[in-house]
Amino acid sequence: MEQDSATRRVIPVMVPMPADRPYSYAVPAGMWVVPGSIVRVPLGPREVAGIAWDGDGGPVDAKKLRPIAHVFDCPPVDARTRRFVEWIATYTLSPPGMVARMLLRAPAAFDPEAPIQGLRLAERRPDRMTAARERVLALAGDGQAWTRSGLAHAAGVSLGVVDGLSAQGVFDRVEIPPRPIVPAPDPDFAKAELSPAQAEAADRLRRLARADAFSVGLLDGVTGSGKTEVYFEAVAAALEKGKQVLILIPEIALTQAFLERFHDRFGAKPAEWHSDLAPRKRERVWRQVAEGQVRVVAGARSALFLPFDELGLIVVDEEHDPAYKQEDRVFYNARDMAVVRGHIGGFPVVLASATPSLESRVNADQGRYERIKLPARFADAALPELSAVDMRKAPPERGGFLSPVLIEAIGKTLERNEQSLLFLNRRGYAPLTLCRVCGHRFQCPDCSSWLVEHRFRRQLVCHHCGHNEPQPEACPECGTLDHLAACGPGVERIAEEVDRHFPEARTILLSSDMMGGVKRLRLELEAIAEGQADIVVGTQLVAKGHNFPGMTLVGVVDADLGLANGDPRAAERTFQLLSQVTGRAGRSGRKSHGLIQTYQPEHPVMKALVSGDAEAFYEREIAERERAGLPPFGRLAAIIVSAASRPEAEGHARALRRAAPAADDLMALGPAEAPLSLIAGRHRFRLLVQGGRRADIQAYLRAMIEAAPRPRGSVRVQVDIDPQSFL
């Protein structure tokens with residue numbers, strides 16, 4: 001079929017813009033184009049890269065069409081990946097061109113990488129010999145091609161010695177193919193010693209990985225149970241079959257330890273793919289994935305759109321993590337789309353988590369996923385003993401946020417030369433600054449949110465749009481000096497309180513907005529793992545699967561924080577986050593403790609955490625979702641209308657609501673002003689569409705949007721199927 005398409009004079013091309021269909025282009029005589037070819041085409045006054053699509057380009061006259069300008073020397077995007085693009089576009093109600101755009105993120109990789117200029121020893125010998133020249137000739141005598149600098153470095157000589165030999169014709173100039181970005185992993189390099197429970201789980205995953213069929217395995221294991229080593233066996237099985245593997249990780253830029261563990265098992269690191277990657281490296285990874293040289297990629301959610309040729313397994317680590325949801329341009333959940341990609345490609349998907357999402361648990365309970373449990377930690381290490389600290393009975397001292405119970409526990413941990421972790425999911429020093437005299441509160445000029453004080457940087461910062469301003473000495477409203485008060489705690493303030501109580505302790509602060517970026521974070525994480533810190537104060541990034549052998553105490557500063565909003569997933573998210581955080585303790589087998597500061601010790605989340613009865617929590621939460629008809633027992637979609645002015649946004653939102661069709665199994669709620677009603681100068685209104693599990697919510701939304709007036713002026717409409725955020 002693809003061969004027939006190549007002979008046609010007109011071919012559709014998916015261009016990376018918000019168009020609802022491919023555009024037709026003429027194929028010049030002598031040009032070879034097949035569906036999947038990456039091409040350069042004229043679009044208005046410029047030329048853009050696009051993907052030749054399926055179909056015949058429609059009933060048009062090729063003579064009236066603009067011609068394809070260039071076909072890149074690049075492996076075509078395969079048919080399964082093109083189906084994946086179309087599926088996402090249909091499901092998320094996104095223009096297919098914007099989904100295809102995510103496949104085209106490394107334009108410099110569309111042409112082959114230039115070969116490296118190398119040297120190979122010829123028969124001619126130099127007119128005189130020196131010790132340095134002898135070393136060079138001895139190395140080059142193996143007949144292999146060398147780079148100029150590589151040969152000089154290996155022989156321990158200057159580049160001048162190699163250049164002098166080249167000038168005398170001692171070397172032939174040859175072209176060396178580009179080196180692989182990473183060596184090929186060896187499935188048999190260092191097989192792990194698994195416990196009986198791990199071995200049984202690994203056997204089940206290997207069976208899934210070896211089958212030439214779609215399946216989903218949910219690897220459900222407590223923190224420290226060795227889930228990574230177990231799913232590495234599925235990776236090994238896929239590699240033995242000659243397949244490529246994708247491992248999705250929510251915070252790939254912070255998981256140096258994961259890359260090292262992969263190297264220890266397979267003798268080579270996987271290729272990385274994330275936003276912090278240097279552009280040149282991104283291009284090489286993209287190209288070598290397309291050519292099949294890269295066999296394993298460990299990446300963030302966007303790695304799902306790499307042009308794999310032989311993809312045979314996807315692993316989604318920490319599958320519950322909210323970081324897998326993209327909420328920009330194309331709204332999608334990478335966990336769910338990984339399952340879709342596996343279904344279209346006919347290969348297995350493994351989801352791994354200590355606290356699976358309710359959606360995955362229900363799918364496993366109903367038999368759609370195969371649930372594989374690891375109920376105990378590796379080597380029978382005990383889980384931390386958890387207890388709630390009732391802040392009503394053990395309040396902190398005036399101006400403080402740590403209870404006497406937690407302070408005493410930190411002191412005892414220090415005496416044993418062990419590490420403590422204090423967790424607060426709030427960046428900065430304080431979430432609000434106000435004037436004690438006139439009550440003025442510092443608010444972002446472009447968002448409906450307070451400015452967060454970052455005392456270490458002496459800045460007031462908006463965490464939504466990035467606006468920042470210097471921390472003032474006086475109130476801008478009344479002019480009073482030295483009467484600005486920081487309200488509430490952030491991690492910087494907790495670190496300050498720790499220093500006051502334990503001045504001799506080595507304290508490290510971990511937050512995603514700390515100076516030095518990802519490189520510094522990785523160094524800090526390594527330092528903690530090596531025991532170079534006594535007390536760690538951190539935000540949610542400390543919960544992301546890190547292994548801190550010396551950590552025996554975890555204190556949650558404000559366990560109620562995640563419960564204080566109207567998010568239907570608030571209880572689930574809080575349970576997952578606090579379970580992950582407290583799971584950092586005792587991973588080396590030492591006796592460990594977790595103290596959870598709360599004003600609601602009777603809350604079901606707190607009771608489930610302290611009792612360790614996760615099953616009871618899941619049963620209760622699943623039953624509540626089912627009663628309310630919420631996912632996974634119902635469908636939800638959000639429509640976010642934003643505009644430069646409030647009347648524009650509200651007017652279009654109301655017009656959308658009036659255009660909602662009548663349906664028995666679906667209803668539109670709202671519009672209502674969003675909880676964050678102003679972000680980056682844009683006013684926001686939200687509508688929510690709710691319906692039964694089998695309701696065709698996409699058709700309902702399409703009819704609603706088509707019947708409503710087209711957005712005019714500054715109005716923008718975004719559709720979020722299966723929303724994760726309700727702000």
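In strand E16, Leu-351 is the bridge partner of Val-316. The strands E13 (residues 311-317) and E16 (residues 348-353) pair in the parallel sense over four bridges, where pairing requires at least two bridges found by DSSP. Helices (H or I, at least four residues) and strands (E, at least two) are DSSP runs, numbered from the N terminus. The model is predicted: local features need pLDDT of at least 70, side-chain atom pairs count only at pLDDT 80 or more, and totals for chains, interfaces and linings use all residues. Residues are numbered from 1 along each chain as its sequence is written, and side-chain values use heavy atoms, with hydrogens and water left out.

E13 and E16 belong to an open sheet of seven strands with parallel pairing, in the order E11-E12-E10-E13-E16-E9-E17. Strands E11 (271-273) and E17 (370-374) stand at the edges with a single partner strand each, so one side of each has no neighbour in the sheet. On average, neighbouring strands of this sheet are turned by 20° against each other, direction ignored.

Helix H9 (residues 256-266) packs on the sheet and touches E10 (244-248), E11 and E12 (296-299), contact meaning heavy atoms within 4.5 Å. The direction of H9 makes about 160° with that of E12; angles run from 0 to 180 degrees between N-to-C directions, and axes are lines fitted to C-alpha atoms, for helices over the stretch in contact. Helix H10 (residues 279-291) also packs on the sheet, touching E10, E11 and E12, and its direction makes about 115° with that of E11.

Helices H4 (residues 131-140) and H5 (residues 148-155) pack at an angle of about 115°, their axes 9 Å apart. Arg-135, Val-136, Leu-139 and Ala-140 in H4 meet Leu-151, Ala-154 and Ala-155 in H5.
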